[in-house]
Amino acid sequence: MNLTEFSGPSVQAAYLRTLPAIRERCSNVHAMAQQGKLEYFDYNPDQESSVVNYCLEIMKRDFPAADGGVDFASIPPHGRWRHLDAGKSRIAPLIAKWDEERGSPVSEKEKCKRLIDLFLVSVLLDAGAGNQWVYNEPDGQSYSRSEGLAVATVHMFDQGLFSGSPEAQPHRVDAQGLSQIDEGSIAAAMQVSDTNPMVGLSGRTSLLINLKAALESNPRFFGSDARPGNIIDFLELESKLDGSSQRVHVSSLWGVLLEGLAPIWPARFSIAGVQLGDVWPCSVLTTDGQAEGDNFVPFHKLTGWITYSLIEPMEKILKWRFDGIEDMTGLPEYRNGGLLIDFGILTLKPSLKSLTNTSGVPCLLPSHGAVVEWRAMTVIELDRIADGIRRQAGVNSCDLTLAQVLESATWKGGREIAKRLRPLTGGPPIEIESDGTVF
């Protein structure tokens, strides 16, 4: 896809919000890396085999086959569901509770709408919480980082914090419920205190407040009751019946999320009056006389994370099938990206090493050029690592999808190697000054 050939700024803005643009622009950065032209990193492709072997060992450990290899069929896709079920099942008991509701039976569509409500809010609250914050469940179990944020949102959802009718129907998210949220209520629900600080609390709260406005301003997607789960009704109209199931192209879901949720993101870069979201300029793509936006690299990480997470309940509960999944990319965040640095695929140039803090790692804003390069390299390297795993295991992309690689290997591997190399914090090799709206 090369929409930028045909017209001006408005088409450039539209292009930068598409799924194919992510991989295409990141490939341009990767090409510069192959020529040794990155500003902040040296690229060492010979180290990719070490990451492939490391990931395969994790997969054999966690998804063992009887022959000592990997049981690929047992690997779930990457999605928020696993975090919501961290330590024990929480989604299945919720669904069981709905089956026992008095009155008319809860339909499969309504169950899926409720899960989409929960999953969407949980992903929006999933930006990095920092190294100190933990969430304690009533049974005494403690969870941190992504799992802690997920578990916290399950309890918030179960208590009706996001519902406009918490007594009658706590298990939903709607604009009326979100209108009652403020930073204090989020802090209390997530057990934030001076001794249990959370990074990006105000940014998270702003996302939820902005979500209210987005839901209300897009009834075409979210219905008259301004609810995330109503995207099912819209997507059903976009789908095609194939036998007994619906087939939906992933671009339809992506478009709903990019357009419908656009109002929630902070204003950053824009072209032709269109706010681009998680899209950033990259210095190594800058040339004289180029068109506006030609040096921009789109990531849309949280939108990608939402997309992966919402596909799963629609496939499991409604038995829908999504086409075009191959356009989805790996998520450019600090666990997947950390794996590249910790194994030496990317090594820091002196200009970046000089920015290290007291913890021995650089601490940068998401807009920093090094972060943009790092994220772009992460997208393409995840493709290359996935291909390497498939080659070594003798399987194809149907047997092992990119979403399964993210779930079973790279994200988990990035966390585990970080804990081994930086045991005091378990943090990534580059810390991000997060405001809760990007990572």
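View 1. At 10% relative accessibility, Gln404 counts as buried (buried is under 20% relative accessible area, exposed over 50% and partly exposed in between, with a 1.4 Å probe and protein chains only). The structure is a predicted model, in which local features need pLDDT of at least 70 and side-chain atom pairs count only at pLDDT 80 or more, while totals for chains, interfaces and linings use all residues. Residues are numbered from 1 along each chain as its sequence is written, and side-chain values use heavy atoms, with hydrogens and water left out. Gln404 belongs to helix 18 (residues 402-421); helices (H or I, at least four residues) and strands (E, at least two) are DSSP runs, numbered from the N terminus. The side chain of Gln404 reaches the backbone oxygen of Ile75 at 2.8 Å, and a polar atom of this side chain lies 3.2 Å from the backbone oxygen of Phe72. Beyond residues up to four places away in sequence, Gln404 touches Phe72, Ile75, Pro76, Pro77 and Asp399 (contact means heavy atoms within 4.5 Å).

**View 2. Crossing of helix 17 and helix 18.** The axes of helix 17 (residues 369-393) and helix 18 come within 10 Å and cross at roughly 85°. Helix 17 is therefore roughly perpendicular to helix 18 (65 to 115 degrees counts as roughly perpendicular, under 35 as roughly parallel, over 145 as roughly antiparallel and the rest as oblique). Axes are lines fitted to C-alpha atoms, for helices over the stretch in contact, and angles run from 0 to 180 degrees between N-to-C directions. Helix 17 contributes Leu382, Asp383, Ile385, Ala386, Ile389 and Arg390 to the contact, and helix 18 contributes Leu402, Val405, Leu406 and Thr410.

**View 3. Thr329 and its contacts.** Thr329 is located in the loop between strand 10 (321-323) and helix 15 (334-342). With a relative accessible area of 6%, Thr329 is buried. Its C-alpha atom is separated by 7.7 Å from that of Leu402, 73 residues apart along the chain. Leaving aside neighbours within four places in sequence, Thr329 is in contact with Ile22, Arg23, Tyr308, Val379, Leu402 and Leu406.

**View 4. His83 in helix 4.** His83 is part of helix 4 (residues 80-84) and, at 6% relative accessibility, counts as buried. Its side chain makes a polar contact with the side chain of Arg80 (2.9 Å). A polar contact is a pair of N or O atoms within 3.5 Å; within protein, one must be able to donate a hydrogen and the other to accept it, and residues adjacent in sequence count only if both atoms are side-chain atoms. Not counting residues up to four places away in sequence, His83 touches Ser146, Glu147, Ala150, Val151, Trp305 and Trp411.

**View 5. Aromatic pairs.** The count comes to six aromatic pairs; rings of Phe, Tyr and Trp (its six-membered ring) pair if their centres lie within 6.5 Å, and planes under 30 degrees apart count as stacked, over 60 as edge-to-face and the rest as tilted. Trp81 and Phe119 form an edge-to-face pair, 5.6 Å centre to centre with 80° between the planes. Trp81 lies in helix 4 and Phe119 in helix 6 (residues 108-124), so the pair ties together parts that are 38 residues apart in sequence. Both Trp81 and Phe119 are buried. Phe269 and Trp280 also form an edge-to-face pair, at 6.0 Å centre to centre and 80° between the planes. Phe269 is partly exposed, with a relative accessible area of 30%, whereas Trp280 is buried at 5%.
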